[in-house]
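The following exercises are to be worked through with the sequence and the structure in view. Each task is followed by a solution in steps.

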Amino acid sequence: MKGSGRFLSRVLQLPACILHNPGVFEIIHTLNPSDRGELEITDVNNEYIRKGEMSYSMLEGYWSDAVRYESLFRASEIVKTRIRNNGN
């Protein structure tokens, strides 16, 4: 991938689990509906980026659709273990 500054010229499309702190509700109240008539999660995430409060982690070696309680629990246990072992 070629990059320019902080932005990549090719966008990665990956499944994601997005977690927001309680401040998300303050951001939501400032949003206007998109052309589709909906509030957009991208606008929320862009506000966190603008504030310098967005972060991410890339996990390797495991994927789960987390559709069922069991797979969601397993995925959360993997993330918890990785955070405990890696400190991030």
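A residue is called buried when its relative accessible area is under 20%, and exposed when that area is over 50%. The model used here is predicted.

**Exercise 1.** Determine which residues of helix α3 are buried and which are exposed.

*Solution.* Step 1: locate the helix. Helix α3 covers residues 69-86, 18 residues in total, and reaches 26 Å from its first C-alpha to its last, close to the 26 Å expected at 1.5 Å a residue.
Step 2: identify the buried residues. These are Ser-71, Ala-75 and Ile-78.
Step 3: consider their directions. Viewed down the axis of α3, the buried residues fall within an arc of 60°, so they line one face of the helix.
Step 4: turn to the other side of α3, where Tyr-69, Glu-70, Phe-73 and Arg-84 are exposed.

**Exercise 2.** State which residues form the largest nonpolar core, and which elements give two or more residues to this core.

*Solution.* Step 1: the largest nonpolar core consists of five residues, namely Val-24, Ile-27, Leu-31, Val-44 and Tyr-48.
Step 2: the elements giving two or more residues to this core are α1 (24-28) and α2 (41-50).
Step 3: examine one member. Leaving aside residues up to four places away in sequence, Leu-31 touches Leu-39, Glu-40, Asp-43 and Val-44.

**Exercise 3.** Decide whether Asn-45 is buried or exposed, and describe its contacts.

*Solution.* Step 1: Asn-45 lies in helix α2.
Step 2: Asn-45 counts as buried because its relative accessibility is 15%, and the cut-off is under 20%.
Step 3: beyond residues up to four places away in sequence, Asn-45 touches Ile-18, His-20 and Met-54.
Step 4: the side chains of Asn-45 and His-20 are joined by a polar contact of 2.9 Å.

Methods. Residues are numbered from 1 along each chain as its sequence is written. This is a predicted model: local features need pLDDT of at least 70, side-chain atom pairs count only at pLDDT 80 or more; totals for chains, interfaces and linings use all residues. Side-chain values use heavy atoms; hydrogens and water are left out. Helices (H or I, at least four residues) and strands (E, at least two) are DSSP runs, numbered from the N terminus. The expected span of a helix is 1.5 Å times one less than its number of residues. Buried means under 20% relative accessible area, exposed over 50%, partly exposed in between (1.4 Å probe, protein chains only). The arc is that of the directions from the helix axis to the C-beta atoms. A nonpolar core is a set of buried Ala, Val, Leu, Ile, Met, Phe, Trp, Tyr and Cys residues joined through side-chain atoms within 4.5 Å. Contact means heavy atoms within 4.5 Å. A polar contact is a pair of N or O atoms within 3.5 Å; within protein, one must be able to donate a hydrogen and the other to accept it, and residues adjacent in sequence count only if both atoms are side-chain atoms.
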